[in-house]
2 protein chains.
Amino acid sequence: MNLRIPGPTPVPREVAEAGAADMINHRGPEFAEIIGRVTEGAKRVFQTSNDVLILTTSGSGGMEAAVVNHVSPGDKVLVVTIGVFGKRFLEIVQTYGGNPTELAFDFGTAADPARIDAALAADPELKAVLVTHNETSTGVTNPLKEIAEVVRKHDRLLIVDAISSLSSIPVETDAWGLDVVVSGSQKGWMVAPGLAFISVSPRAWEAQAKCTTPRFYFDLQRARSSAEKGQTPWTPAVSLYFQLDRALQILFAEGLENVYARHHRLAEKTRRGLLDLGLELFAAEGHRSDTVTAVKVPEGVDGSLITKTARTEFGTVLAGGQGSLSGKIFRFGHLGLVSDEDVDNGLRAVAQTMERLGYKTPTPA
Amino acid sequence: MNLRIPGPTPVPREVAEAGAADMINHRGPEFAEIIGRVTEGAKRVFQTSNDVLILTTSGSGGMEAAVVNHVSPGDKVLVVTIGVFGKRFLEIVQTYGGNPTELAFDFGTAADPARIDAALAADPELKAVLVTHNETSTGVTNPLKEIAEVVRKHDRLLIVDAISSLSSIPVETDAWGLDVVVSGSQKGWMVAPGLAFISVSPRAWEAQAKCTTPRFYFDLQRARSSAEKGQTPWTPAVSLYFQLDRALQILFAEGLENVYARHHRLAEKTRRGLLDLGLELFAAEGHRSDTVTAVKVPEGVDGSLITKTARTEFGTVLAGGQGSLSGKIFRFGHLGLVSDEDVDNGLRAVAQTMERLGYKTPTPA
């Protein structure tokens, strides 16, 4: 089965098998060594000298940690939304009593840094900006470097959901000045789901120390204190650390620049292949993601049948649309363990599925 | 290496390998089937027809879920503590603004149901009782059935940390009237850490609906709504579900009654073996746990050297004491995948370690 969803992504055989190693003591020296090694590896992928903490939770738990450690009840913050996962950040802020201003952009487009600039200029009380780097629900990548420039200019805290970008698309945490960055093991990291990563800048630690939102499991100060002793505050997902340890070796053996280049090349190939079928991409040109491509369901095709047909008839697992996009788009993931062959097979399955559902590729004029 | 700590416990080879199966779509029909099957299996282990929800988090995250869904800011609750994990419940309640009354018993002893009865009679405003079933830090099992009788008599909500008991020691959720029960995958379940289980009675759901503590990742209503569709609200730790699916088969093949009997028999054997060495057990007689035995560090032995010596010299991983018990006790786990041979080897390693550290087994008079 060709798993072409935007996460969980296929886990390389040797990574899966590394996770099946004998269980060990999570408080012993062997595990402390693993924590040290994977933390250093994660920092390299984050391109940061900030603390990077690893939490046993899914990406959404990592987003919650980003909020409850840095946004206090009543805090005014700007939440930039371009899709379902931006809305998730908004919902978490609202849940914990923050006072968010939403700056929404149409689904399918990226955020405009100039409008973020204007919003921050208009309200000096906005303490932080929360933004999605790569919006998995729409296949759009935000111009994070430019957004960060604006946020730095106004000296606000920048909190980034980089769950489906980091390790596949360059994220220069330190060079761009990103304060809090979240990622998740089940994306480009090529590890099974269950671990979240979060980097915290010195400026963010200052905010963390003053933040009054109650937190226990997701308290980052506890995570940092434990990490200094080669431990975690709560029993960690040991087998996923085993996987991560091996997966990082694979990433570094390929070389991060090569990993980014492969993702870009295969994304281009995917987009070209879909356009050649006469399909329309959901994301606007120039905003398209190198990890996931969203495709409009063509007229005359029943969007609710696409993922089932592709899976049961053509051996390919695609993702449908989420929320308001359900039935209107489908999504093709090309991140993590992905090759030319995977993309070719995926494109063939899309073509066959469309044909089966009554779609005819327009003949070029 | 003989892993004789009270969790994470050894993962059977076939369970570890089941976790290395190819990654699948967490929103697809195959995973929905697994969720259905492991949930039914978990309910059988919990001996309940209540909802049982599976969360991607460690046991402490499960404890947090139990608190933030059922204890509102200002709520008066009784927290019964007999060790480190009871204190953890207390700390979580305090963190989220609950108003706890601590009923503390000396470490090494179990809670006295009569004193819980008196505390509840004295304060009708105590809405809930939080209690540890099996206190991993001291090797004591509380008389949960008797405690539940008292709590039922006073008609308060009963919230139980059964992390290190459930699946190894009988916990009759429905027969005893337990409202909220938490367990964790890395104990008797024989699965790697990263999943927590939580059962919720109809009475607890009523409290949950009224509970005003903010919650997002750990919101049980979301978990229930998703479970009804064969999903989870956030990307779950798929590979640990694969493991759980296999581990439950092993548990049921042995038969739960046989599993409980094996744990009791091997606990007795462990205790007898340690007493035969002239060592003193930390837990009072009659209160001793069938999953973990705590042993007093004998006079003249440097308690800080025990776990290291046992591990590096005698191939056995023991646990030290936690918090105020550090250096004063060590702990021997006998839960999950554990056999007569494991206990024999563990006892031999304890004897050799003690001898190496200068301890002489007293000769019988």
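Two strands pair if DSSP finds at least two bridges between them. With that in hand, here are the close-ups of this predicted model.

**Figure 1. Strand β5 of chain A and its partner β8(A).** Let's start with a bridge: Val129(A) has Leu158(A) in β8(A) as its partner. The two strands, β5(A) and β8(A) (residues 157-161), run parallel to each other and are joined over five bridges. How covered is β5(A)? Five of the five residues in this strand, which spans residues 128-132, are buried. One side carries Ala128(A), Leu130(A) and Thr132(A), the other carries Val129(A) and Val131(A), and both faces are covered.

**Figure 2. Strand β5(A) meets β3(A).** Here β5(A) is shown with β3(A), and these strands also pair in the parallel sense, over four bridges. Look for Val79(A), which sits opposite Leu130(A) of β5(A).

Figure 3. Is Val80(A) buried or exposed? Val80(A) has 26 other C-beta atoms within 10 Å, so it is buried, given that 20 or more are needed for that label. Apart from its neighbours within four places in sequence, Val80(A) is in contact with Val129(A), Leu130(A) and Val131(A), and also with Gly86(A), Leu103(A), Ala111(A) and Ile116(A). For a sense of distance, the C-alpha atoms of Val80(A) and Ala110(A) are 9.9 Å apart, while 30 residues separate the two in sequence.

**Figure 4. Ile198(A) in the largest nonpolar core.** Which residues touch the most other members of this core? Among its 244 residues, that place goes to Ile198(A) and Ile198(B). Once residues up to four places away in sequence are set aside, Ile198(A) touches Leu53(A), Leu55(A), Gly62(A), Ala65(A), Ala66(A), Val180(A), Val182(A) and Leu220(A).

**Figure 5. Where the two domains of chain A touch.** Domain 1 covers residues 14-252 and domain 2 covers residues 255-356. Their C-alpha centres are 26 Å apart. Contacts link 22 residues of domain 1 of chain A with 22 residues of domain 2 of chain A. On the domain 1 side, these comprise nine nonpolar, twelve polar and one charged residues.

**Figure 6. Chain B against chain A.** In this view, 41 residues of chain B are in contact with 41 residues of chain A. On the chain B side, α1 (13-18), α3 (59-68), α4 (84-95) and α10 (238-254) each supply at least two residues. Which of the elements gives the most? That is α3(B), with four residues. By class, the chain B side holds 21 nonpolar, 18 polar and two charged residues.

**Figure 7. Chain A as a setting for the close-ups.** To place the views above, note that chain A has 13 helices and 14 strands. The C-alpha trace spans about 60 × 55 × 30 Å along its principal axes. The radius of gyration of chain A is 21 Å, which agrees with the value near 21 Å that a compact globule of 365 residues would have. Buried residues account for 57% of the 365 residues in chain A. Of the contacts in chain A between residues at least 6 apart in sequence, 73% join residues at least 24 apart.

Conventions
Residues are numbered from 1 along each chain as its sequence is written. Chains are lettered from A and ligands numbered from 1 in the order in which they are written. This is a predicted model: local features need pLDDT of at least 70, side-chain atom pairs count only at pLDDT 80 or more; totals for chains, interfaces and linings use all residues. A nonpolar core is a set of buried Ala, Val, Leu, Ile, Met, Phe, Trp, Tyr and Cys residues joined through C-beta atoms within 7 Å. A residue is buried if 20 or more other C-beta atoms lie within 10 Å of its own, exposed if 12 or fewer, and partly exposed in between; C-beta atoms are placed from the backbone. Two residues are in contact if their C-beta atoms, placed from the backbone, lie within 7 Å. Domain bounds come from an automatic or database domain assignment. Ala, Val, Leu, Ile, Met, Phe, Trp, Tyr, Cys and Pro count as nonpolar, Asp, Glu, Lys and Arg as charged, and the others, Gly among them, as polar. The radius of gyration is taken over C-alpha atoms; the globule rule is 2.2 Å times the number of residues to the power 0.38.
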